[in-house]
Each structure stands twice: as structure tokens, then as C-alpha cells.
Amino acid sequence: MRVKELHPLCCITLESPHALDDNKPPPEPVTNLTRSRSLPATSLTGGSNRRSLASAGSVAGILYKWTNFSKGWRSRYFLLRDGILSYSKIRRPENLNLLSSSDDVRLIGNISADRLSRMDSCSGRRKQEKSVGIVHLKVSSFRESKSDDRKFYIFTATKTLHLRTDSISDRAAWLQALASAKCIFPLRSLNGDFSFTSPKDLSISTERLKKRLQEAGMNENLVKDCEQIMLSEFSEMHGQIKLLHEERTNFLGRGKYSECSTTASSDDKQEFEDVSEEDEPSFHDTKEYFNEPNVGSGSNLPNNSGYADIKRRTKLPDPAEKEKAVSLWSMIKDNVGKDLTRVCLPVYFNEPISSLQKCFEDLEYSYLLDRAYEHGKSGNGLLRALNVAAFAVSGYASTEGRHCKPFNPLLGETYEADFPEKGIRFFSEKVSHHPTVIANHCEGKGWKFWGDTNLRSKFWGRSIQVEPVGVLTLEFDDGEVFQWSKVTSTIYNIILGKLYCDHHGVMQIRGNRQHSCTLKFKEQSILERNPHQVNGFVEDVAGQKAATVFGKWDDSLYYVAGDGVSKTKVSDPASNASLLWRRTKPPLNVTRYNLTSFAITLNELTPGLKEMLPPTDSRLRPDQRHLENGEYEKANLEKQRLERRQRMSRQLQESGWRPRWFEKQGENETFKYTGGYWEARGHRKWDDCPNIFGEFTEEQLADSA
């Protein structure tokens, strides 16, 4: 039996007799190579102006490369040819001798001689031209930045190249060129067998074509003419494949792993390796396939960390029942002006996470704090403050389109989140029932974040207003501290119109060292054409503005160094604004809850987790679990049962009940984590943690009345 590869032009079959050998891996399909190299149209019509497959992807241009903190971004001349990317400090084409008249090189971006001359004169140097670095794409991978639409990365075994283009379109062109160049290499493991179908082993059969044309009623002469045309085209393609085969053989003949070598300049010895948690790649062992890393996996640690294989769910379970709509107005019309935390609503108005888990959503973009820690450690206090500001704003992004209410936790209910792939551990507990107070604590890479929140909500007829009361504290390992409080949130059009949420007010982020930040969340008006705006500034201890911040809490945040507000659009290439943070794209599996991809994972019981949790964890709450599974009748029954138990909470609190894991530092101070939870978890010792979701007697309920 012979393996047949379908020609992309018609029903001609390419046949390889070497495919009969079961002891060898199957050769790479030739059609894949021809498609990926994007043959020009002239080569398909018998034209004489044809290019070789190997050189068709040769591109050149100027990219900005990060060197180190002292030099920053420096322009370099890059040339991609034959699967090798080289770059040089000398930028004049006549000096580089890279753009000769015989070369067929596609230029990306503005690379005029005038611009090159200006760049060369700015350097003030005239040195012997030499290549600064070489990257073999065979043993490299690349990916775009998620936080900057002009930046991308190239990863080798020894270094990471941080590159930036002049525009979004230039980055897309470079990524396309890199992807095309990598296609000349087969995606197979380096097991020592570099077999490739030799051009001399390729044959062609036109029998199917002849049969089809004869069935269509064509005369014999026309059939022969068509057959001759296809044989001629095959001969042309055969020559191109032969050239590619020779180039590939020569390239791989330099040594089994010689293509792994790279040359590095002094630029690369101090390579800026501060890849954010969001942008850091997944690394692959050199014995595995050299594909581009899977950017959708969410993994941000090297595979030797033991966390590269963590898989979290991407959708909620399919609902077991069909929902029955309930009128919100009929449920809350008698509670105008009251605190809605005391209003019992059916589960239809809930989302399948608790307020404890909702607190952890603020840590979705925790990589901003990792980045802030690194900036401060390197002495850049301004960028640390700016990233802290971006983190404070990013917590609101998940509220867009979220109109359902999280479950109100029971007194003593807890929630843990151990996310080693993000480098964080989070823990929260409901520490008070009247007033409702939730305390939380999180530890990350060089920082700790804690606080407590008391949500005071009021219903005003057409809207619900939520005012958070409490202070959030961020402390870095070097002693720098930032504190702030959240702004007011309002849900509009409760009775009529489209529901929407808005956040408004002034957020003061106070630092104990060089910088503080003031952010104003603009309240949305009825005729607002550009909602969700956030504007502010970072100032130093002398009160001088060090940077201006602006953006949208549901989309992105930018900054401009110095005093003054940018009047240009941030999407304008001429804008001098720098991106701090951008919201991740919504999930593909959207539900009526509009949960983010991160929120979808919060109530998941991953394998082996249930046995390690205390009986107080939110994941074990039955009404919340039933709602997630779409079992609405069971969820309502369980919610009513637990609300009867909730009535016991006030008496428990007045009888001297104390939180298990948090302690209040003073009368007007926040609750602070006392420690011991993760140690107890390691031993699975939950003797002092009651089963708050279990059954209880009517006598217990009567005693608490």
C-alpha cells in the first residue's frame, strides 16, 4: 500500500515509494511545504519569472531590540533567510552588503536609505560591519506579546530576544515571515533520522485526471494536451523541490545538533528577561517537537517546574435543566432603600461563584505585581507604581456584562486558590456576618496582598449601588507598601432597559516611598459615547507629576511619562503612550453569567482536590454546585436550607465566635492572616473546621432565633 499526497492544484497524486518502509517515519508531505512557502502565481501558470522555495521567504527590516536597563531599546538590522535570522548593529545597506540587486528580499516597514543614514549618524560610529547575533529557527520558537501589540519574542535555548516593531502591521508581517520560514523544517523529534523524500523518488500519475476528463466528454487530443500541461507543471515543481532538498541537506549536514548554536553579543549577556507572567512562554525539551509554544495554555513556568501540565477547564458543565425566568422587580420591589445583602433571592439571580471567590478574581492579572516587583528591585520606582495602578484597575475588567449576584458566604466559609502556574496562593474567609466582612490574603513572587471588604449595597428603585468599605494592602519583600480602597459600583436599569454596570469615584493609591497614584473613574452619563474611562497620574514625594495614566477599566491602561494628558488616540502609531495592561479576550464558551476564562476555573474541583479541602470551602457548597451543574430545583432547595442556617450566624457571632484564620489588628484596623492554613492542608487536619454546609436540627435553629 502506497501513501498518496494530494496535489494542491488538482486531482494529481504524488507517490513516494519510500513510504512503504515501516521502519522509518513517514516523510513530510511535499504539499505542505509548497503551500507554506506561498509560491507566486506565475509559477503556477508556466511563467518564467520564478523564485526558489528557499529564498521566497527572505525578508529584512529594522526592529527594536531590548538590550539591557542601561541602554534600553536599540535598533538593529534583521535579515531572515534560509531559516536563519541574523541581526547587525551596522545599518547602512551598502555597508551590510545585504541588499544586492541579485537578491530577492522583501522589506518590512520603513527602511529607506534616508532613515538608515539618520540612524547610522545618530550612533556616531563607523566600525567594521559584523553580525551581532544569529538565530536558527529550526531550534527556536516565537510568539507575540499579549500586553503590547507591537512587541514579540523569539526564544532560543540560551536567550530570549525581545523585539518591537514600528506598527501593528509590521509585527504581523514579521510573525508571518517567521512562521513561513519555520515550515521548511519538519515538525518531528530530533531522533537522529533526518529522512526526507528525495526528489528522484517522486513520481506522478495522471490516470485519475484522464479518466475524469474523458467522463466529461472531452476528445482524446484535448485530454493529451491537459496531461502534457500537468506533466510540465510537475517538472517545474520537481526542480524547485530538488533545490529545497539540496539546501536542506546542506543545512542539516553541518552536524546533528549544530543548528542549536547561537552567537551572542554583549547586548545579550545582560538580556532583559523580565517576561511578564502573561507573556512568558511554555518551554519544550529539545527532544520534543519544535512547534511554536501553545499560547492558549495559560502556563507560564518552564516544564521542569512540574506545573507545565496543569490543565484547567475552559467551560462550565452543560445545564441539566432548562431555566425558568423570574422577574427581579417582583422580588425586590418591597426592599427599596434596604441593604440587599439581607434580601433572599432565588438562585436564578446568582452566578455559580461566591463572594469569597469573587475576591480572587482581582488577582487574575497578578503578573502586573510580579512585574512591579522586578521594576522596583532594579531601581525603577516609577514603573513599579504604574504597574500597581494597572493592577488596581484590572480587577474591574471582569465585571463587564456580569449582572448576576455571587453567593453570600456562610459565617466561617473559606476559599483557597493554589495556582502554581501563576506563582500565587490565595485564601479568604468570611469573618463577620453583621456587617458582612470578607478577609483575604495572597502571596506571590516577591509580594503579599491582603485586605478585608464590607460591601454596603442599597437599592434605589432603578439601580443598585455597592459601596466597598475597607483597605487593600500590597507589600513587597523590599518593604515598599501601597494601600488603596475600591470605588463605588452601580448597576443600572433594574426595572426597564438594558442592565449595565459602572464604576465611579476617585481611587487614591498611597505609597510609603517615592510614588503615589490618583485615579479617577469617570461616571457614565446617559449620552456617554466613550464609557468606562479612567484617568489619573503618578506623583513623587515632592508632589511633581511623574507620569499620566489613562485608559478604560474594561479594556486597557496606558501611561505617558511626565506631566500632561495625552490628546492623541492610543491606537495612533504616532502616540507616545506605552501600554501597561490589556484585558484578556473573553472565552469561546459564553454563558448567561458572562464569566471570564479565569472565573470559569474558580469553582472547579480538579482531580484530588476535594480530599484536601476543609469542609468550609466554597467549592463544597451544595446550592452553588447545583447551580453550576444547571440543577436549578435542587439549587433552590439547598439555598433555602442554608439560609435558615445562616440565621444562626448572628447569635454565634454574639456568643463569642471568632474567625479561624484571620485576626483583627485593632478596632479600626483590617483583618490579617494569622497563618497555619496551608500547613493544616498539608496534613489534612481540619478537626477544628465545622461542616457548615451539613444538616442541622430545628432545635439548633430555634435556639438561634
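Analyst: Leaving out residues up to four places away in sequence, Cys359 touches Phe426, Ile438 and Asn440; contact here means heavy atoms within 4.5 Å. This is a predicted model, in which local features need pLDDT of at least 70 and side-chain atom pairs count only at pLDDT 80 or more, while totals for chains, interfaces and linings use all residues. Residues are numbered from 1 along each chain as its sequence is written, and side-chain values use heavy atoms, with hydrogens and water left out.

Cys359 belongs to helix H9 (residues 355-360). Helices (H or I, at least four residues) and strands (E, at least two) are DSSP runs, numbered from the N terminus. With a relative accessible area of 16%, Cys359 is buried; the term means under 20% relative accessible area, with exposed over 50% and partly exposed in between (1.4 Å probe, protein chains only). Thr453 is 94 residues from Cys359 along the chain, and their C-alpha atoms are separated by 9.0 Å.

Another buried residue is Asp623, with a relative accessible area of 0%. Asp623 is in helix H13 (residues 622-628). Apart from residues up to four places away in sequence, Asp623 touches Phe407, Ala635, Glu638, Lys639 and Leu642.

The axes of H10 (residues 367-377) and H11 (residues 381-394) are 8 Å apart, at an angle of about 170°. Axes are lines fitted to C-alpha atoms, for helices over the stretch in contact, and angles run from 0 to 180 degrees between N-to-C directions. H10 and H11 are therefore roughly antiparallel (over 145 degrees; under 35 is roughly parallel, 65 to 115 roughly perpendicular and the rest oblique). On the H10 side the contact includes Leu368, Leu369 and Tyr373, and on the H11 side the residues include Leu383, Val388 and Phe391. The residues of this contact divide into eight nonpolar, four polar and three charged. Here Ala, Val, Leu, Ile, Met, Phe, Trp, Tyr, Cys and Pro count as nonpolar, Asp, Glu, Lys and Arg as charged, and the others, Gly among them, as polar.

Now the aromatic rings. Rings of Phe, Tyr and Trp (its six-membered ring) pair if their centres lie within 6.5 Å; planes under 30 degrees apart count as stacked, over 60 as edge-to-face and the rest as tilted. This rule gives 27 aromatic pairs. In one of them, Tyr153 and Phe155, the ring centres are 6.0 Å apart and the planes are at 35°, so the pair is tilted. Tyr153 and Phe155 are both buried. For Phe449 and Trp484 the centres are 5.9 Å apart and the planes at 25°, so this pair is stacked. The pair links distant parts of the chain, 35 residues apart: Phe449 is in strand S17 (residues 447-459) and Trp484 in strand S20 (residues 481-484). Phe449 has a relative accessible area of 3% and is buried; Trp484, at 2%, is buried too. One aromatic cluster is formed by Phe427, Trp661, Phe662, Tyr673, Tyr677, Trp678 and Trp686.

Rings can also carry a charge over the face (NZ of Lys or CZ of Arg within 6 Å of the ring centre and within 35 degrees of the ring normal). Lys545 lies over Phe537, 4.5 Å from the ring centre. The charged end of Arg592 sits over the ring of Tyr348, at 4.6 Å from its centre.

As for the whole chain, 49% of its 705 residues count as buried.
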